[in-house]
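Subject: Structure for your review

Dear colleague,

Please find the structure below, handed over for your use. My notes on what was found in it follow.

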Amino acid sequence: MARIFIFGLGYTALALAGQLRSYGWDVAGTTRRESKLRDLERLGIEGYLFDRGQGIRALPATLAGADYILHSIPPDRFGDPVFDIHDCDIVGHAPQMKWFGYLSSTGIYGDRQGGWVDEQTPPAPGGENGRARLEAENRWRGLQEYGVPVHTFRIAGIYGPGRNALENLQRGTATRIDKPGHIFNRIHVEDIVQVLCASMNRPEPGAIYNLADDQPAPGHEMVAYAAELLGMEPPPLVPLAEAEAAMSPMARGFYAESRKVRNDRIKQALHIKLKYPTYREGLQALAPEKSA
């Protein structure tokens, strides 16, 4: 039976864990909240508490049986907590590890003024989050010289069940920001899972993959299409200059950058056919069925 250890059982990692459990895999991983340990147990997942102030005492023994390790915890203001606390454990206590995956972000490419990027494009992060992601990427890839089979996944905007424009509209929290020329990719969580599974089946240490859909588009177009599926009027377009005052620093940083992400490598190297090549197919699958 294959075993995977996952640092950070958040939205995407839990989707992967569920898929692997259906294949009969042994899944273990971390959460920051003690209250979540019982939820993980009910899902058949072996849970451990972890945050920057609390490493995992049993991790060396746990890693000794891990065939695969996934790291999905974003950097905090001090850097990468997993690397800072457990990098030596990963190097020294996972002798049978075949694959180590690090979930990064397409934010490491920075602002390209709507231009295309691929895995060969030199990173040029403009914001603090992008710089922290790139630093974490580089630190983990540096462990390759010690035999850690690192694979890097640069992920575009994630959506899926429970996390999409349809639900935002129904909750009344959806907005449509108008910034001419602003464009970006997104990717459905099921497509992330299929890429990760394909990579684990076809390890290529040192590989970097962009995970993005086929059609970069402005965010306000996606919200308008979601409203159409729900039979609702879309929220009005709000000029960015009017909306910025109420935005978080992360949101302002998002609208400061525009790029289109090529995904050719996952198709060529991993033979991926996206289930949801654009947001239209993704939202159609997520939309509630209308009664006759």
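The second largest pocket is lined by Tyr11, Ala15, Gln19, Tyr23, Pro161, Val189, Glu190, Val193, Gln194, Cys197 and Lys275. A pocket here is an open set of points on a 1 Å grid over the protein atoms alone, where a 1.4 Å probe fits, with protein on both sides within 12 Å along at least five of seven lines; lining residues have an atom within 4 Å of a point. Two elements, α1 (11-22) and α7 (189-201), each give two or more residues to this lining, and α7 gives the most, with five residues. Helices (H or I, at least four residues) and strands (E, at least two) are DSSP runs, numbered from the N terminus. The space in this pocket is about 160 Å³, a volume being the space filled by probe spheres set on the points, which are joined across faces, edges and corners. By class, the lining holds seven nonpolar, two polar and two charged residues; Ala, Val, Leu, Ile, Met, Phe, Trp, Tyr, Cys and Pro count as nonpolar, Asp, Glu, Lys and Arg as charged, and the others, Gly among them, as polar.

The model is predicted: local features need pLDDT of at least 70, side-chain atom pairs count only at pLDDT 80 or more, and totals for chains, interfaces and linings use all residues. Residues are numbered from 1 along each chain as its sequence is written, and side-chain values use heavy atoms, with hydrogens and water left out.

The largest nonpolar core has 32 residues, of which Ile4, Leu16, Phe153, Met200 and Leu211 touch the most other members. Such a core is a set of buried Ala, Val, Leu, Ile, Met, Phe, Trp, Tyr and Cys residues joined through side-chain atoms within 4.5 Å; buried means under 20% relative accessible area, exposed over 50%, and partly exposed in between (1.4 Å probe, protein chains only). Among the elements that give two or more residues to this core are β1 (3-7), β5 (99-105), β7 (150-155) and α11 (264-270). The greatest contribution to this core, seven residues, comes from α7. A second, separate core of 23 residues includes Phe7, Tyr48, Ile56 and Leu63.

Twelve aromatic pairs are present in the structure. Rings of Phe, Tyr and Trp (its six-membered ring) pair if their centres lie within 6.5 Å; planes under 30 degrees apart count as stacked, over 60 as edge-to-face and the rest as tilted. Trp99 and Phe153 form a tilted pair, at 5.9 Å centre to centre and 45 degrees between the planes. This pair links distant parts of the chain, with Trp99 in strand β5 and Phe153 in strand β7, 54 residues apart. Both Trp99 and Phe153 are buried. Ring pairs also link Trp25, Tyr68, Trp99, Phe153 and Tyr209 into a cluster.

Two backbone angles deserve a note. Most residues other than glycine have a negative phi. Gln113, however, has a positive phi near 50 degrees; Gln113 lies in the loop between β5 and β6 (116-117) and is exposed, at 72% relative accessible area. His271 likewise has a positive phi, about 60 degrees. His271 sits in the loop between α11 and α12 (279-286) and counts as exposed at 55% relative accessibility.

Yours sincerely
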